[in-house]
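Student: Could you walk me through reading a structure like this one? I would like to learn one feature at a time.

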Amino acid sequence: MQKIKYDVKDKKIYFRLAIIVLILFIADIVVLNVADLGRMSTELEVFLVILSMVLGPLDFALWVRYAEVVGYLHRLSKYGYELPYNKKDYGDNQEQLIHSVDNMKQLSDKNIGSIILTICSGGTLIGLIIYYYSKTWQYSSVVFGGVLPIIIIMWLILAIYYARQISNREYKDDVQIDALRKDRTPIINGIVTIMLLLFITWMGIEILNDILSSCC
């Protein structure tokens with residue numbers, strides 16, 4: 001049995017939650033920037049700062065999940081499935097959904113999402129190499145032998161991983177019922193992975209630059 005991951009109800013719930021948290025986050029930022037901090041107690045100011053640090057990432061996570069739900073429902077529709085309002089009505093079983101071959105959109109031999117992820121990974125690698133060199137060129141004799149190859153290998157592996165998923169002959173989307181092919185990474189999940197890895201790589205370059213600046 002292939003389970004239904006999300007339904008239309010999930011889409012509405014995540015959208016509403018994301019909007020509510022966004023409003024709270026904006027209100028918190030406005031209060032911090034507009035209110036007279038001199039009259040505000042230290043405890044309240046600290047609370048508002050911590051609240052903003054919680055609401056910001058939380059809202060980002062909710063929007064990411066909302067985008068993931070929208071992408072999943074789009075893939076269901078693309079492959080001719082009726083969109084479930086409540087997956088419990090179908091026992092969480094995708095095979096119980098109404099499926100019409102006539103409603104399937106014309107598919108190509110290559111997956112656009114995987115192509116985009118491959119290009120993003122390769123483009124990010126080129127950008128990181130340029131950024132890395134601009135930060136550490138004066139220490140090139142010290143760091144080029146170890147750190148840069150690690151960055152290149154790490155991002156090349158990611159780009160190759162996505163490039164292998166371009167072909168529809170070997171890989172499939174998660175809504176396709178086919179045990180012979182492997183599941184490919186949905187584009188939203190791939191973008192989030194690229195963003196997280198980019199942040200980690202950027203932080204590593206900045207820390208390395210600070211270390212070299214202080215000791216060289």
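This is a predicted model: local features need pLDDT of at least 70, side-chain atom pairs count only at pLDDT 80 or more; totals for chains, interfaces and linings use all residues.

Student: Where in the chain is confidence lowest, and where is it highest?

Tutor: pLDDT is the predictor's confidence in each residue, from 0 to 100. The chain averages 86, and 87% of the residues score at least 70. Helix H4 (residues 140-143) is lowest, with a mean of 54, while helix H1 (residues 8-34) is highest at 93.

Student: What does the secondary structure of the chain come to?

Tutor: Helices (H or I, at least four residues) and strands (E, at least two) are DSSP runs, numbered from the N terminus. Here there are six helices and two strands, in the order α-α-α-α-α-β-β-α from the N terminus.

Student: How many salt bridges does the count come to?

Tutor: A salt bridge is a side-chain nitrogen of Lys or Arg within 4 Å of a carboxyl oxygen of Asp or Glu. By this rule there are eight. One of them pairs Lys5 with Asp174, whose closest N and O atoms are 3.0 Å apart. Lys5 lies in the segment before H1 and Asp174 in the loop between strand S1 (171-172) and strand S2 (182-183), so the pair ties together parts that are 169 residues apart in sequence.

Student: Is Asp174 buried or exposed?

Tutor: Buried means under 20% relative accessible area, exposed over 50%, and partly exposed in between (1.4 Å probe, protein chains only). Asp174 counts as buried because its relative accessibility is 10%, whereas Lys5, at 43%, is partly exposed.

Student: Which residue does Arg184 meet in a salt bridge?

Tutor: Its partner is Asp173, at 3.3 Å from N to O. Arg184 sits in the loop between S2 and helix H6 (187-215), and Asp173 in the loop between S1 and S2, eleven residues apart. Both Arg184 and Asp173 are buried. Shared partners also join Lys5, Arg75 and Asp174 into one salt-bridge network.

Student: What is the phi of Asp92?

Tutor: Most residues other than glycine have a negative phi. Asp92 has a positive phi of about 60° although it is not a glycine. Asp92 is in the loop between helix H2 (42-78) and helix H3 (112-136), and its salt bridge with Lys88 has closest N and O atoms 3.3 Å apart. Asp92 is buried at 17% relative accessibility, while Lys88 is exposed at 57%.

Terms used:
Residues are numbered from 1 along each chain as its sequence is written. Side-chain values use heavy atoms; hydrogens and water are left out.
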